[in-house]
Amino acid sequence: MDRAEIDETGKGLLFFGKTLVHSCSLIKGQDSVFSLQTSVILERESQLAPLPGQFYLLKSAKSSVQLDRPISVYRAQESKEAKSGLRKISLEFLILQKGKGTLELCTSLPGEEIELIGPLGNTFNIPKGIKSEKSERPEICIIGGGIGVAPVANFASSLDDGSYDFYASFKTGSYGLEHVKANALTITTDDGSQGIRGMLPVAFSAETVKARGYKVIFACGPNPMLSYIQQVAEKCGIKAFISMENQMACGVGACLGCTIQTKEGVKRVCKDGPVFDSSILKFEKTLPRRQPLLEGQEPNLEVTIAGVTFKNPVIAASGTFGFGQNYRGFFDVSKLGGISSKGCTLEARDGNPGRRIVEVPSGNINSIGLQNPGIPAFIKDELPRMMELGPVAIANLAGSDIDSYVQGAKLLDESEVPMIELNISCPNVKSGGQAWGMKCDAAFEVVSAVRKATKKPLMVKLSPNAPDLIGVAFACIKAGADALSLINTVQAVSIDIEKARPAFENIRAGWCGPAIKPLALRMVYDLAEAMNTLPKEERVPIVGMGGISCWQDAVEFIMAGASAIQVGSSTFSNPNVMVEIIDGLKSFMKSHGYESISQMMGLAQVKKAAD
């Protein structure tokens, strides 16, 4: 901590601790903006109360997210505690619910604990020479857009009534203006529900500044609006002070994770800001948003992989969904695009002895060991019931040696199963398993042998543990793979500290869950990027998996280059997750104007594909 941030006792000037929620309620007329009220007790006179423009880091005390969320102060009032005489700061925050962290905050109940750190950042300050008294032609202009109204409304309430004009722009309705006592208040809404219909430029421009005689602007809101305000200020030759937002980790300037590019070099939003002189800011040009599909127009979610058509790109991953029957009591399984069976070997297997699952943050480590009834029993007893469910049935074929893979493939070739997923990446067996997927030559050998044994479409499941994943993938394609799926679980270890020994009999086991999603996404992206260097006739579809737990994850994998996705361990915590992903995909495609999955596929790839 900097010397400037400690008092004479060597203790911090900031508040850090837990406090209770007094109330949390949805703002009237809004569907995702909440008012959260709480308070903190300052134990020392030297501790700081928040000033207009500053923010706190907030997180639910029972949170499942890693990072606190930076939330600007909307209202702060100081009083004295009757019994202790200590200073009490009553705080109100306006919170836009848009992710897990803010969802936890917005659903807080009175009496529940939240964590607070703050006040943080710099403040709004009126430049010298600017008049700040009540006037029919005030020199101060304040602008808020959406949730960005909170910090500027707090600043406005600290000024004399009538000493400023205030502009507020919203998508619909209005909020956060209760304490704004402006000389003139102008509201714009996208839908025309209040004030002037349209965005900020319909009510505010360079001509407005000149006509009203403003000499300084204070603003907070979405970046396109702030960029526009910067241009207006520069055109009129006046100062504009803008409150910026960025994701952050520490909030105190240590991690350097919230930096933005400026004309004066890199600046930290948490420490150098959030309030900046607009003249130094660099705003990225934003691409125009795609127009939504026409009313009544439905997107086509069908995908074709190796000649097999799936009604949507969501497939239940092998090892997490049994043979399709286990989850029928929770949701309509027929809605899925496909189901990949439990990994099946030629002979029945009992799986691994000892402990099989260890829970870890955002996932689990498991050592099931390919317990299965064997391929003959699968074909006789399980496959017919899988086929009746409706989604494309995929047989996940595992083995310990090439002969067992080949014999299993021959049996499946004579069955009705539409596709085989060749598992050369399971880390939970001592023989075979991922060994075949670790080296290019071994992968080529087993895929070539299986390819000769079956005419079925062949998708090969790759291991994230391979030193040369792209090399293994290309070897599989050369050997005859029609598609590739990745990633299987990541090899990991867990220690039982009471027994002072590894938790699993095989020591190493497979790590899965939301925590591995960034790693899986990177590998899918890398493979799609490499695939684009091949001639078109040599490319094969990619099916991405690994930590997918929501429709946004699915969109990321598809935009990275996947034709379809598989969902695994997330089904354990939310049995309905795959249906939610299908519905979310459809809604996203409609709102963003994507008529088909192919229009989204690979959009995030930066390098141009080979002709």
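Predicted model: local features only at pLDDT ≥ 70, side-chain atom pairs only at ≥ 80, totals over all residues.
The buried residues themselves are Ile402, Ser404, Tyr405, Val406, Gly408, Ala409 and Leu412.

Helix H6 spans residues 402–413 and has twelve residues. From its first C-alpha to its last, helix H6 reaches 16 Å, close to the 16 Å expected at 1.5 Å a residue.

Strand S20 (residues 338–340) runs parallel to S23, and three bridges join the two. Within this pairing, glycine 338 stands opposite valine 392 in S23.

Serine 318 is located in the loop between strand S19 (314–316) and S20. Is serine 318 buried or exposed? Its relative accessible area is 12%; because buried means under 20%, serine 318 counts as buried.

The side chain of serine 318 forms a polar contact of 3.5 Å with the side chain of asparagine 396. When neighbours within four places in sequence are left aside, the residues in contact with serine 318 are Ser340, Ser341, Lys342, Gly343, Asn396, Glu421, Lys461 and Gln566.

## The open sheet

A separate heading is given to the open sheet, in which four strands are arranged in the order S21-S22-S30-S27 with antiparallel pairing. Strand S21 (357–360) and strand S27 (490–493) stand at the edges with a single partner strand each, so one side of each has no neighbour in the sheet. On average, neighbouring strands of this sheet are turned by 35° against each other, direction ignored.

In general, the strands of a sheet pair through backbone hydrogen bonds, in either a parallel or an antiparallel manner. Here, S27 pairs with strand S30 (residues 508–512) in the antiparallel sense over four bridges. Valine 493 has arginine 508 in S30 as its bridge partner.

## Nonpolar cores

Which residues have the most contacts inside the largest nonpolar core? They are Val460, Leu462, Cys476 and Leu484, in a core of 96 residues. Valine 460 touches Leu422, Ile424, Val447, Cys476, Ala481, Ala483, Leu484 and Ser485, when residues up to four places away in sequence are not counted. A second, separate core has 34 residues, among them Ile117, Ile229, Cys236 and Cys270.

## Strands S12 and S13

Strand S13 (residues 239–243) is mostly covered, with four of its five residues buried. Five bridges link S13 in the parallel sense to strand S12 (residues 216–220). In this pairing, alanine 219 has isoleucine 242 in S13 as its bridge partner.

## Serine 25 in strand S1

Serine 25 is part of strand S1 (residues 15–26). With a relative accessibility of 39%, serine 25 counts as partly exposed, because this value lies between the limits of 20% for buried and 50% for exposed.

Leucine 36 is eleven residues from serine 25 in sequence, and their C-alpha atoms are 6.7 Å apart in space. Apart from neighbours within four places in sequence, serine 25 is in contact with Val33, Phe34 and Ser35.

Terms used:
Residues numbered from 1 in each chain as written. Heavy atoms only, no water. Expected span 1.5 Å × (residues − 1). Buried < 20%, exposed > 50% of the residue type's maximum accessible area, 1.4 Å probe, protein only. Pairing = 2+ DSSP bridges. Axes fitted to C-alpha atoms, helices over the stretch in contact; angles between N-to-C directions. Core = buried A, V, L, I, M, F, W, Y, C linked by side-chain atoms within 4.5 Å. Contact = heavy atoms within 4.5 Å. Polar contact = N/O pair within 3.5 Å; in protein donor to acceptor, adjacent residues only side chain to side chain.
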